[in-house]
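Hi,

Here is the model I promised to pass on.

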Amino acid sequence: MKRMMPWFLSLLLLAGCGGNAAGGVYQQITQEAAKEMMDTQQEVVILDVREQDEYDSGHIPDAVLLPVGTIDEDTAAEVIPEKDSAVLVYCRSGNRSKTASSALADLGYTNIYEFGGISTWPYETEP
């Protein structure tokens, strides 16, 4: 039992840190909450982190493309110049958006909201 205690305490500490296993802290929100933010906030960046061909086949209106594999300090700054901007992140199913959200948080962005994938987006899209 004594040997399990340090392991258990480590697990509790990790669980209480927030964020995710990759390190960056961001908020996961519902698609309804994301849509509400899009409709009510003037300064919100809608970030599509899929690939160009996926984006071209349909995306959320006003979304900007930044493929998850290209995110670094320079590419992020081109699309999101202010690190305190509200950024709504999505992909196809929700996996890449979590990775991208973590990467942006690791780069110092402070208002990252991940809301899953366009495959379940019940609202308007555009080609």
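Predicted model: local features only at pLDDT ≥ 70, side-chain atom pairs only at ≥ 80, totals over all residues.

Which strands does helix H2 lie across? Helix H2 (residues 31–40) lies across strand S2 (44–48), S4 and S5, and runs at about 125° to S5. Contact here means heavy atoms within 4.5 Å, and the axes are lines fitted to C-alpha atoms, for helices over the stretch in contact, with angles from 0 to 180 degrees between N-to-C directions. Helix H5 (residues 95–106) lies across S1, S2, S4 and S5, at about 150° to S4.

Numbering starts from 1 along each chain as its sequence is written, and side-chain values use heavy atoms, with hydrogens and water left out.

Overall, you'll find 5 helices and 5 strands, following α-β-α-β-α-β-α-β-α-β along the sequence. Both are DSSP runs numbered from the N terminus (helices H or I, at least four residues; strands E, at least two).

The 5 strands make an open parallel sheet, ordered S1-S5-S4-S2-S3. S1 (27–28) and S3 (64–65) are at the edges with a single partner strand each, so one side of each has no neighbour in the sheet. Pairing takes at least two DSSP bridges between two strands; S4 (residues 86–91) and S5 (residues 111–117) have 5 bridges, and Val87 has Ile112 in S5 as its bridge partner.

Finally, 40% of the 127 residues are buried (under 20% relative accessible area, 1.4 Å probe, protein chains only).

Cheers

Technical notes: Buried < 20%, exposed > 50% of the residue type's maximum accessible area, 1.4 Å probe, protein only.
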